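Please look at the sequence and the 3D structure below before reading on.

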Amino acid sequence: MPEAPKNRGNGAGLGVEGGILDDKNIRALEFIEDVTMNAKEVQMQVLSEIITRNSNVEYLQRHGLNGRVDADTFKKIVPVVTYEDMLPDIERIANGDMSPILCSKPISEFLTSSGTSGGERKLMPTIEEELGRRSLLYSLLMPVMNQSVPGLDEGKGMYFLFVKSEAKTPGGLMARPVLTSYYKSSYFRDRPYDPYTNYTSPNETILCPDSYQSMYSQLLCGLCQNKEVLRVGAVFASGFIRAIRFLEKHWVLLCKDIRAGTLDSQINDPSVREAVKRILKPNPELADFIEAECRRESWEGIITRLWPNTKYIDVIVTGTMSQYIPTLDYYSNGLPLVCTMYASSECYFGLNLNPLCKPSEVSYTLIPTMAYFEFLPVNRKNGFTNVSESAPLNEKEHQELVDLVDVKLGQEYELVVTTYAGLYRYRVGDILCVAGFKNKAPQFKFICRKNVALSIDSDKTDEFELQNAVKNAADHLLQFDASVTEYTSYADTSTIPGHYVLYWEIGLSGATPIPPSVFEDCCLIMEESLNSVYRQGRASDKSIGPLEIRIVEGGTFDKLMDYALSQGASINQYKTPRCVKYAPIIELLNPRVVSNYFSPKCPKWVAGHKQWCT
């Protein structure tokens, strides 16, 4: 297998297409070239390694592998599975069973997915060595970026990075998001100096668990070093916009600190105060400049005004995050929006080799060393796939799976992975479309996550969950002889943070008017019914605003059907859409709103699965 690039220090500068790259960068690009040119061989070696080291684990023995390590046998007898199929084994590990159930190496922790099962975050097993694979993918990003934007080693990146809540399973293993795991690891905390990972935020501000203190101190440090900033970003577009809105709300306090060289008393974490004081010095001139810019009536272009040397914004704007592109363009004067990598809690997958492309053209090259990849062909109609996620694959569907190098240009597939950490032929749930090839390795556009109806940040709410939440809330209206006759929803990102909006058409049998407080209670009941990722976004991360119910006048949903029919829909097949995104439909609904109500408080949420907390 091609050797991963190692850091041997700075070599002699060599000219390569668009920038002066040191030896480390050149070796990173050579590694990408090598593994994509030999994608088939690398994939076969990855699968062989995984099967050989894990051939005697309980899961593979249960399916009849019996120590055999050839790929054909593995594919013939090991089924393609979903999270629910693996849940009993995952629960055994979470409860303290240390036998080799899924992996021959010890499970070091669980990575909590933004996807949910039974309303709780999915738990993805991982092992220590996976941190090295994630670190490898990160090490490839800047060599690729430097080809398109040279000189990034001459300044800093202002990235808003945060840790999230973590919990321990009953068996004592940590359960936390993949980025929290990475930021707390020695790979991040003790990384050697590298001009490409030189951030304005000290580690202490990133690792601060208090979201207000972390955001305030990271913004303060970014403002103090504003002339050094060459790129800005966050993980998701929504997170970066929250940082700008935070600045809108707190710039007076930030300017006060910069002017005097003192740190506001609300920042009381000792390690954060110590780290910020190493950067914060009295600077009345900078404070006056920031104040003048923030006082202007329009905040259009505020990023390039406050950080004038910024060359691009590094955030995820594919999938549901594309809804934030207009806001980012407004704040940045149209700076390039760069999506660098494709990753999940299950596995880190690949990177974007053309980072300055338009957001609509982003495609990711899967790096063949990360895991063993298979692809299940799908045909989407009206947003739904021809393959059920809950039902096991039939024999024909199993035979349709193809390897990484055998996918077809323009075809859509569901991604299936086999990882070093104990996931075998696992359906990730992402729908990808083959957009091109880098040597022998395909490049994929991310199309969608299966069955997601609503999403603001990292939350993913499907139609079934939404239906259940509406039912629970609608039961609250029965005392008034009222019912929800029709509903739809959409993710409103015109405010920051964004929030869920439900359009309800009400049927009234009784004469008693429904008090506003009852509809507010309905909002809260819905929020309490949604999954733990949503409730964490509301209660802890503050990344999602209060849910809103908009009551529409009678006959509104008839008008919605009339509109769909006018656009060519069949009256025999028409069903009310439970989530809408198309602007003309929103414009049809909003003028017919007669009243609206918001959730009066945050839903209950605690870190960890609810069964661990009882």
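The model is predicted. Helix α13 covers residues 284-295, and helix α18 covers residues 516-529.

**Helix α13: length and sides**
- The 12 residues of α13 should span 16 Å at 1.5 Å a residue, and its end C-alpha atoms are 16 Å apart, which agrees.
- L286, A287, I290, E293 and C294 of α13 are buried.
- An α-helix has 3.6 residues a turn, so residues three or four places apart point the same way.
- E285 and R295 are exposed on the other side of α13.

**What packs against α13**
- The cover over the buried residues of α13 includes α10 (211-224), α11 (237-260) and α14 (302-306).
- The axes of α11 and α13 come within 8 Å and cross at roughly 165 degrees.
- Angles over 145 degrees count as roughly antiparallel, and α11 and α13 are therefore roughly antiparallel to each other.
- The crossing of α11 past α13 is left-handed.
- From α11, W251, C255, I258 and R259 meet residues of α13, among them L286, A287, I290 and C294.

**Helix α18**
- α18 has 14 residues and reaches 20 Å from its first C-alpha to its last, close to the 20 Å expected at 1.5 Å a residue.
- Its buried residues include V518, F519, C522, C523 and L524.
- Both helices and strands cover the buried residues of α18, including α17 (463-474), α19 (532-539), β22 (499-508) and β24 (593-598).

Definitions and conventions: Residues are numbered from 1 along each chain as its sequence is written. This is a predicted model: local features need pLDDT of at least 70, side-chain atom pairs count only at pLDDT 80 or more; totals for chains, interfaces and linings use all residues. Side-chain values use heavy atoms; hydrogens and water are left out. Helices (H or I, at least four residues) and strands (E, at least two) are DSSP runs, numbered from the N terminus. The expected span of a helix is 1.5 Å times one less than its number of residues. Buried means under 20% relative accessible area, exposed over 50%, partly exposed in between (1.4 Å probe, protein chains only). Contact means heavy atoms within 4.5 Å. Axes are lines fitted to C-alpha atoms, for helices over the stretch in contact, and angles run from 0 to 180 degrees between N-to-C directions. Angles under 35 degrees count as roughly parallel, over 145 as roughly antiparallel, 65 to 115 as roughly perpendicular and the rest as oblique. A crossing is left-handed if the near helix is turned anticlockwise from the far one by less than a right angle, and right-handed if clockwise.
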